[in-house]
Amino acid sequence: MRVLPFFALAGAISLAAPPLDAQTGEVPVTEAGTGMSPSGKIEPAVEDPGYPANTLIETRDRTGTPSSAPIPLARTRGAENQLAVDAYRRGDLESARTHWTALLAAVEGDEKARVLYDLGNTSFRSGAPLEAVGWYTAALRLAPRDADTWANLEHARREAGLEPADRGDLAATARRVVGALTRAESELLAAGSVLLWSVLLALEALRGGRIWRRLVVVGGVLVAVAFLPLLTHLATAADDPVLAIGPKERPLQLRSEPRADAALIAEVPGGTEMERRDALPDWVEVELADGTRGWGRAADVFALER
Amino acid sequence: MTTIALSDSLGGALRGPVRTLARSVALFVTLAVVLATRAVAQEPTVTAQLTTGIVKLGQSVGLVIVVENARTATVEEFPEVEGLRIGPLGPASTSQQSIISGGRASTTYSLSWRVPVHPARKGEFRIPPLTVDVGGKKLQTRELALKVVEDLQGEDLGFFEIDAPDQVAEGQPFTLELRFGWDAQLESRINYANLSLPWFNGLAGAVELDAPVTPPTASYIELSLNTRDRIRAERIPDAQHDGRTFQLLRVRKRYVATRPGKLEVPTSHLEFGQIDQGGGFFQIRPTREKETFYKRFPAFAIDVVQLPEKGRPLDYTGAVGRILVSATPDRRDVDVGDSIKLSVEWTGDANLEFFEPPDPSRMDTFRQFRLYGTNDKKSYERRVVVYDLAPIAPDVKAIPPIPLRVYDPAQKAYVTVETPSIPIQVRPLKNAASLGAEDGRPAAVLDIRDIRAHPVLGATKETSRGWLPWSALGMALAGWAALRGWARRNGDPAAPAARARRAARHVLGRELRNAKSASAQSRAFERFLAARTGETPNAWLGRDVVQWSEEHGALGADDARAVAQVVARLDERTWAGTDQPLDPAEIAAAADRALKGGL
């Protein structure tokens, strides 16, 4: 168990800092003593090799809006994670959420997907399955083949009264297969296929003949297939994707202007993906897939780009 | 309501996913059939019939053309029939039916023409299909038969009656019973009979159903129908009429009226008599009539009344007639969730094949049941639907009645025919308590997977290189085009000569391995040189290689001399008489040297 050193480190550095406001997601700097391992022994503070120490953390609130200024990280990210895990284990979900939210801004790639997954679990345990759907969906954008995230997403969607993300029909299966790669992986697959195709093209150019021409055509078809994931990413890419997380009985209401008394132009059921166009305090302007644009309450919108 | 026409054995054999799949397929097929039927019902249709199939010379016949589900149509030019004058075509009479059903109004239109047909001579005539243009779509009628005779004699020697109701309700099935025959004293003289029924197979406004079942002991006679088809008639006991004894036959047809209004049945004839069967040893004598009698049944109409809107229940599903119902469960003592196959059978004089059976899943009384599916079997005499029900609570004491709303034409009112309430016993699930937490053991439920406590080591942000695949694709295509152009500057690399040049060294090696004499080696080497230089092998016979190389600048002096030396040694052995082969390695070395030298 690599967690043991984190207990000591977290305990050592958590005494000086005040707690963080859960709504704003700012970095917490104090946490109740978790400086001992489960066996009660004080462990030496060891930096996790996966985290470089003392970088700046830019915090974001739940809608993904950056807070006022980056805050220097007063402890390692390994310790921050351990604080979150400890809080989660003892049922202090708000603290766990605060620590993981703070950590989120300082991690990348698969580690970010893991933190998003853990935040999804925190939201689910907090009784907010729609918000958990948002976290899991955000995690899948970074790690689209993660089985645990898929399982939890489907469970959260079921709890939230939404249709399954993967309905198991042919179209859903095709979407899942094509979307099983990240954008970067799709680009590498496409480039790799072109590289292999280049060999065939060169041989066709030098040798000519029916067989090589046919091989080039077959290779071209395979290249087209290899480009499918990338094309799907390009077709569905949104600059700033968000998810509607208004509950069924109170769905996200889109108004023509960012005022509560402005005309209601649409109601968006929870689980709908949209694109954020603009943001004001408490209000977010979103665009639906059919082109409808309107302003909704920021609290009912979940940013998927983290 | 889902209607699934699966036999009991098949239904019993299907289980689990297969059964679900079968239900889905059956549902899909049923929906498709229903939708197709609706689509067909809205399609324009054209029918044509004569007011009689047999007419006396000098009288005219009416040709009635009816176009349904269309507001405009044009009858195209009548076909020429020698001996008949058809027309002229007068203006069409139009009719419009507005039906309000379930709060929804629908209107159907129809057009009809009555065209006179004048026979100019006696004989049997065929009127070819008529073409009607309905909204640009060409529709054709069926071929019609008309017989023109000099005299319709024998009215009192024949018997012909058609039993039909005067009035039916829309959607109500009814039977036309034709009884016909001839004087029993004529029996020895009668050897043929023909029923002339112009309305047969084309009764506008009605759909033919399955014929009623006749007893298995019944005997039949096959006779002619409209002079071209055959029809089976059932023998029935002789009957007395006007002091004569008639040998009788019977034909029964069932129809269901599809629209309100008059259902016109044209004049029908029974034609019977004696014919010369023709034949002879060489079958040269044609069949001809010797003596023919005719018995006529006049045209009549059946009044089809519209179902009243007043008093129509909201859950009325189209049943018309007098219906009896019975219900039988396959078992009465079950556990909660166990399936009970409730077989409901509707019988009687009604449109049993056409109504939609009741759906218990939409009834409040079945709230404590789950309907897994239905199995629907239809015939003209009974409708059997097997409901697969499961009680979902132990306090269920009976299967509630299943009501069917029926329009009863006799009472001219809607009535409800319902199954009796069937007492059942539902037991709670055995060990049901152990599934809950009452015994202290927690119940197994679905839950999310746990958090991941450990950081992912070495995780880095994936860098998107959007330019990479597109630039790779561009470079590959551009490189291919450039390479292809360069390779084809000296001709097509796939041309036979180019391919032979590339393969020359490989071919030489293979031929040298197989060569057993110096002459064979010489021919192989000549083929190699020819393939590399694009010449014929004969061009290298007796050629001075050194001089040729100097003239063409093909090889260096040393390389040319090496090749010339091998050629000379091969010639020497070939023409010296021994034909002893040279060492193949020596020839191969000379070939390699020539290749390296630029050949």
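Me: In what order do the three strands of the open sheet in chain B stand?
Reply: This model is predicted. The sheet is open and its pairing is mixed. Direction ignored, neighbouring strands of this sheet are turned by 30° against each other on average. The order is S13-S23-S20.

Me: Which strands stand at the edges of this sheet in chain B?
Reply: Look for strands with a single partner strand. Such a strand has one side without a neighbour in the sheet.

Me: Which residue of S23(B) is the bridge partner of B:Gln167?
Reply: Strand S23 covers residues 300-305 of chain B. S13(B) and S23 run parallel, joined by three bridges. The bridge partner of B:Gln167 in S23(B) is B:Asp303.

Me: How many strands are there in chain B?
Reply: Chain A has nine helices and nine strands. Chain B has nine helices too. Its strands number 33.

Me: What percentage of the residues in chain B is buried?
Reply: Buried means under 20% relative accessible area. In chain A, 50% of the 306 residues are buried. Chain B has 599 residues, and the buried part is 42%.

Me: What share of the contacts in chain B between residues at least 6 apart in sequence joins residues at least 24 apart?
Reply: Take chain A to start with. Among its contacts with a separation of 6 or more, residues 24 or more positions apart account for 59%. For chain B, with residues at least 6 apart, the share is 70%.

Me: What part of the accessible surface of chain B belongs to carbon and sulfur atoms?
Reply: Chain A has an accessible surface of about 14200 Å², with 59% from carbon and sulfur atoms. The surface of chain B comes to about 32800 Å². Its carbon and sulfur part is 53%.

Definitions and conventions: Residues numbered from 1 in each chain as written. Chains lettered and ligands numbered in written order. Predicted model: local features only at pLDDT ≥ 70, side-chain atom pairs only at ≥ 80, totals over all residues. Heavy atoms only, no water. Pairing = 2+ DSSP bridges. Helix = DSSP H or I, 4+ residues; strand = E, 2+ residues; numbered from the N terminus. Axes fitted to C-alpha atoms, helices over the stretch in contact; angles between N-to-C directions. Buried < 20%, exposed > 50% of the residue type's maximum accessible area, 1.4 Å probe, protein only. Contact = heavy atoms within 4.5 Å. Areas by Shrake-Rupley, 256 points an atom, 1.4 Å probe, with all protein chains shown as cover.
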